[in-house]
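Here's a quick briefing for anyone meeting this structure for the first time. Have a look at it, then read on for the main points.

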Amino acid sequence: MNLILKVWRQDGADDEGRFETHQINGVSEDSSFLEMMDQLNEQLLEEGNEPILFDHDCREGVCGTCSLTINGFAHGPENSTTTCQLHMRKFSDGETITVEPFRARAFPVVRDLVVDRSAFDRITQAGGFITVRTGSAPDGNALPVPKDDSDKAMDAAACIGCGACVASCKNASAMLFTAAKAGHLNLLPQGQAEKDKRVLSMVSAMDKSGFGNCRNYGECSAACPKDISLDYIAKLNRDHVKAKIKKIFA
Amino acid sequence: MFTSSIGKKYLMALTGFVLIGFVFVHMAGNLQILMGPEKINAYAHALQSLPMPILWGSRIFLLVCVVLHAWTAIVLIRENRAARPRENDVEVTKRAGLSSLKMGLTGTILLFFIVFHLLHFTVRAVYPEYDDLMTTVGAPEGMEVHNVYSMVLAGFQHTWVSVFYVISMFLLCGHLGHGFSSVFQSLGIRSESWRNKIDWAAKGYAWLIFLGFSIVPILVIGQKFDLISFFEPSLFSEPLAMR
């Protein structure tokens, strides 16, 4: 396959940034999008140019490190797929592909296509955990968990924290991420003790990081490589109002 | 309570919910005009004669809801724009419908519509002569009441007024199409199994409101251009003479 790549280049957080266009020939249809980017970087190095920086790690679709907005879609046009799992056969020969970083004020560009997603870490640190005494593992059946609850918690826990929800949201809202991380624990008996505190502090950390507000577009869920449902946002809204009211009457 | 991002959404949802309910009651009240002057004049008179605290209490409550709804929307939109200073070069939409994307635009036009509508039929500042329309039709024994029937017929015989009203109601239809289902999502009373049902209910409600409000100006304009004959001809031409 021969392709034209229109790629975002930015020297640092303070740089304005610009698009660069590169022709790349002989791309295998079986290569992943990131392998195509590797090939482009080798070509750039051979030409004596700076390679394009982009995030990647496991390349198995489970770590949440890869990003990229491809032709306007976070992680590309395929549903339920991360960029590393996106194959070049999904594009056509001669196509111009636009590659941009995940754009949000809360995700400042570090360089080129690499963005700083530590705002997500701050949300998780605010309440995406349970406080337990560590030591030997408790007996597996000591704490009964209804099957429905564990299924729903596992669906929320599927979130890999990639930030596609923020990148695809017209308002750069982090509600789907926060809802998945809070919902996962709020659904389980282990998460009950700190439920209200968790919801309030995670939402507060989210607001402080400069994400936008949810407008119920559903773009986040449509872009999510793990298909996290909008139900978790409804649940976060529900849990938040309960926590607020309890706080008022406490 | 309403300072967090989620809190502001509750405020939008709660005020929106009040207004969603109000438009239905308003529409149902309006439709009595199709049953003749007695009904609508008596209904309007009954509303106007409500005890002062109830009448003005409801008016102020509705006004506060509109103001809070609009003000919160402005705050939210400003924050949302700041949260994404640069759009994608290629901006695509996967799931969001047009009505959800254009809430700000439809809402702004509706705000202008509300102001005009109040000046038109409530304060009657647009055509002050509507104040002089008095009648005994639909009035209690020995009394004269405001002739709402004639006022509405006169009002909608201006083609531009009717066109503006119908367009505004179409925008309201779009606004409600997203707003109605968003209320449930923002308040957290929606789940995936109910999502489709609520979305369909929202669309149905939005179209019902559109049709219920638009039928009156459409009938009046239709009769003005001799396309239909719905209203009593003598009652229909009376307000024309007044103009």
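**First look**

Two strands count as paired if DSSP finds at least two bridges between them, and strands (E, at least two residues) and helices (H or I, at least four) are DSSP runs, numbered from the N terminus. Keep in mind that this is a predicted model: local features need pLDDT of at least 70, side-chain atom pairs count only at pLDDT 80 or more, and totals for chains, interfaces and linings use all residues. As for labels, residues are numbered from 1 along each chain as its sequence is written, while chains are lettered from A and ligands numbered from 1 in the order in which they are written.

**The sheet in chain A**

- Strand 1 (residues 3-9) runs antiparallel to strand 2, and seven bridges join the two.
- One of the pairs here puts A:I4 together with A:Q23 of strand 2.
- Strand 1 of chain A also runs parallel to strand 5 of chain A, joined by four bridges.

**Domains of chain A**

- Chain A is split into domain 1 (3-110) and domain 2 (118-249), with bounds from an automatic or database domain assignment.
- Taken over C-alpha atoms, the centres of the two domains are 29 Å apart.
- 18 residues of domain 1 are in contact with 16 residues of domain 2, where contact means C-beta atoms, placed from the backbone, within 7 Å.
- The domain 1 side of that contact divides into eight nonpolar, eight polar and two charged residues; Ala, Val, Leu, Ile, Met, Phe, Trp, Tyr, Cys and Pro count as nonpolar, Asp, Glu, Lys and Arg as charged, and the others, Gly among them, as polar.

**Where chain A meets chain B**

- Here 39 residues of chain A are in contact with 33 residues of chain B.
- By type, the chain A side has 15 nonpolar, 14 polar and 10 charged residues.

**Chain B**

- Nine helices and two strands make up the secondary structure of chain B.
- Along the sequence, the pattern of chain B reads α-α-α-α-α-β-β-α-α-α-α.
- Its C-alpha atoms fill a box of roughly 60 × 45 × 35 Å, taken along the principal axes.
- Helix 5 (residues 103-122) of chain B packs against helix 7 (residues 159-187) of chain B at about 135°, with the axes 9 Å apart.
- Among the residues making this contact are B:F113 of helix 5 and B:H178 of helix 7.
- The residues of this helix contact come to six nonpolar, six polar and no charged.

Terms used: Axes fitted to C-alpha atoms, helices over the stretch in contact; angles between N-to-C directions. Contact = placed C-beta atoms within 7 Å.
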